[in-house]
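Have a look at the structure first, then read on.

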Amino acid sequence: MAHISGTDRSQMLLLPERVEDYVGVNNPVRFVDAFVDGLDLEAVGFGRVQAEATGRPGYHPADLLKLYIYGYLNRVRSSRRLEVECGRNMEVIWLLRHLKPDFKTIADFRRDNRAAFKQVFREFVVLCRKLDLFGRELLAVDGTRIKAVNAKDRNFTKTGLTKAIKEADDRLDAYLKQMDESDSTDTTSHSGSAGSDGLGDVADKIAKLKAKQDRHKSLLKQMHETGESQISLNDPDSRYQSGKVKAGVSYNAQIAVDCKHKLIVEQDVCTQVGDLGLLAKTAEPARALLEVETIDVVADRGYFKIEDIEACEAANIIPHVPKPQRGPAVREGFFAKDAFRYDAEADHYICPDDQRLSPLYKSKSRDNIKIDYCNRAACRACDLRPRCTKTFRRVSRLENEAVLDRMAERLVARPELMDDRRNSVEHPFGTIKQWMNQGAFLMRRLENVRAEFSLTTLAYNIRRALTLVGVTGLMAALQV
């Protein structure tokens with residue numbers, strides 16, 4: 001019995017196959033086509049929607065947007081690789097109707113319309129809201145570091161530059177001392193010759209070291225003039241950021257995820273090192289997009305900042321952020337602040353030895369009024385003093401700290417929220433970095449990177465929605 005054989009490549013067909021036959025009814029590419037066709041691209045922010053009256057005709061923004069969405073859905077982000085797909089991928093050939101833009105046209109489109117991609121992301125969020133894919137009760141906020149186009153040795157900090165300049169001074173001193181010793185030896189040599197063997201190499205090393213030191217001094221001067229704490233040479237907007245596993249020159253990507261189906265509601269990229277102060281900034285646009293009056297939001301300890309917690313409550317967002325154990329007492333192994341109970345009516349703290357600490361000192365912490373509670377006499381006679389303090393214990397409280405007390409009570413009442421946070425917000429990051437293979441940005445500068453991340457999160461949401469309701473469900477929602 002013979003094997004199944006294909007059609008002879010040289011065989012002429014009387015009725016050639018249609019490209020339409022290669023794209024099934026439930027192929028996601030059909031939704032990409034219909035979704036983009038339903039957008040008001042001019043209102044979204046894309047340029048050249050209306051063709052110019054003169055000059056060479058250009059590609060319609062809709063076709064290039066379809067190409068990018070398809071590429072990010074299928075882990076093809078490079079403009080050069082997208083150019084190749086236009087000539088060999090039947091789904092892309094169907095989507096673009098045989099159009100074959102070159103890589104520069106594709107790359108320029110993403111750069112020139114970088115601000116519009118976030119609005120396209122939000123348009124899909126609105127579509128998911130129509131499909132009731134959001135629980136609209138609980139948001140989980142988190143951030144991750146995504147590698148920038150900048151190596152670690154092309155990033156400098158004030159501390160690192162100061163240390164490098166000091167080390168260069170020490171090495172220069174050592175080289176100069178070596179040359180002085182060599183000159184002294186040559187002077188007393190019996191041959192009376194110049195004896196410059198090896199000194200040429202030392203001179204070259206000194207010249208290179210001085211040139212490098214001058215560059216470092218110039219960078220340090222630039223940082224002092226601009227007030228920046230870091231400087232990156234390849235991508236000036238990127239920053240060196242440390243992580244739990246490894247550190248690198250990265251951007252800080254933030255997302256707010258609805259916990260019902262792990263769909264991303266809001267996203268942004270910033271250059272800030274750390275997550276402090278980003279909770280309200282991320283959660284408030286998400287609440288507005290979901291069109292709810294109030295919503296709960298949960299985040300990890302990295303977001304614990306009283307000003308941010310206050311801003312959330314003012315914006316009808318109910319925050320749930322666990323308090324980190326930090327401060328000099330914790331570092332030295334003494335009782336943490338949680339061991340002291342606050343009596344709001346009497347305005348005093350009760351220490352672990354049941355002694356009363358009264359308000360005594362007042363100062364300022366950032367823009368907040370800080371009050372220190374203490375009891376010197378009780379500390380002097382306390383048996384727990386070795387476990388509490390070296391001299392006498394102060395417990396600090398901010399004037400507006402009641403907002404933190406309310407949040408602590410909420411967390412005690414709903415301890416499961418931290419597990420919900422982990423299960424919800426870690427899923428998109430894992431999918432983006434592992435399955436979608438997008439652990440690094442391709443472009444430089446913050447605005448370009450934001451365009452990339454908008455396309456990445458849009459592709460994640462589309463893939464997630466396809467799993468939940470399929471192509472049929474998404475196509476039906478477009479008709480409403």
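## Notes on a predicted model

Proline 319 sits in strand 8 (residues 317–320). Helices (H or I, at least four residues) and strands (E, at least two) are DSSP runs, numbered from the N terminus. Before going further, some ground rules: this is a predicted model, where local features need pLDDT of at least 70 and side-chain atom pairs count only at pLDDT 80 or more, while totals for chains, interfaces and linings use all residues. Residues are numbered from 1 along each chain as its sequence is written, and side-chain values use heavy atoms, with hydrogens and water left out.

**A buried proline and a partly exposed isoleucine**

Back to proline 319: with a relative accessible area of 0%, it is buried. Here buried means under 20% relative accessible area, exposed means over 50%, and partly exposed is in between (1.4 Å probe, protein chains only). Leaving aside neighbours within four places in sequence, proline 319 is in contact with Leu279, Val297, Ile309, Cys312, Glu313, Met407 and Arg410; contact means heavy atoms within 4.5 Å. Leucine 289 is 30 residues from proline 319 along the chain, and their C-alpha atoms are separated by 18 Å.

Isoleucine 369 belongs to strand 12 (residues 368–374) and is partly exposed, at a relative accessible area of 29%. Not counting residues up to four places away in sequence, isoleucine 369 touches Lys362, Ser363, Arg397, Leu398 and Glu399. Between the C-alpha atoms of isoleucine 369 and glycine 160 there are 35 Å, with 209 residues separating the two along the chain.

**Salt bridges**

How many salt bridges does a search of the whole structure find? The count is 34, where a salt bridge is a side-chain nitrogen of Lys or Arg within 4 Å of a carboxyl oxygen of Asp or Glu. Here are three of these pairs.

| Glutamate 228 | Arginine 239 | 3.1 Å |

Take the glutamate 228 and arginine 239 salt bridge, with its closest N and O atoms 3.1 Å apart. This pair links distant parts of the chain, eleven residues apart: glutamate 228 is in the loop between helix 9 and strand 3 (230–232), and arginine 239 is in strand 4 (residues 239–241). Glutamate 228 is partly exposed at 35% relative accessible area, and arginine 239 is buried at 11%.

Glutamate 307 lies in helix 11 (residues 306–314) and arginine 366 in the loop between strand 11 (356–365) and strand 12, so the pair ties together parts 59 residues apart in sequence. Glutamate 307 is partly exposed, with a relative accessible area of 24%, while arginine 366 counts as exposed at 53%.

Aspartate 372 is buried at 6% relative accessibility, and arginine 394 is partly exposed at 38%.

There's also a network of salt bridges, which links Lys118, Arg122, Glu266, Asp268, Glu447 and Arg450.

**Charges without a partner**

Arginine 464, in helix 16, is buried yet has no salt bridge. Which side chain of opposite charge is nearest to arginine 464? That would be aspartate 258, 9.8 Å away. Arginine 464 touches His261, Lys262, Leu263 and His427, not counting residues up to four places away in sequence.

On the surface, Arg171, Lys205, Lys212 and Arg215 gather in a patch of positive charge. Such patches are made of residues with over 30% relative accessible area and no salt bridge, with like charges joined within 9 Å and nonpolar side chains (Val, Leu, Ile, Met, Phe, Trp, Tyr) within 5 Å. Helix 9 (residues 199–226) gives the largest share of the positive patch, three residues. Lysine 212 lies in helix 9 and is partly exposed at 43% relative accessibility.

**An enclosed helix**

Why is helix 1 (residues 28–37) largely enclosed by the rest of the structure? Because seven of its ten residues are buried. Those buried residues are Val29, Arg30, Phe31, Val32, Asp33, Phe35 and Val36. Their cover includes helix 3 (61–73), helix 5 (90–96), helix 7 (117–130) and helix 16 (446–479).

Terms used:
Accessible areas come from the Shrake-Rupley method with a 1.4 Å probe; for residues, only the protein chains shown count as cover. Lys and Arg count as positive and Asp and Glu as negative; His and the chain ends are not counted. The place of a charge is taken as NZ of Lys, CZ of Arg, CG of Asp or CD of Glu.
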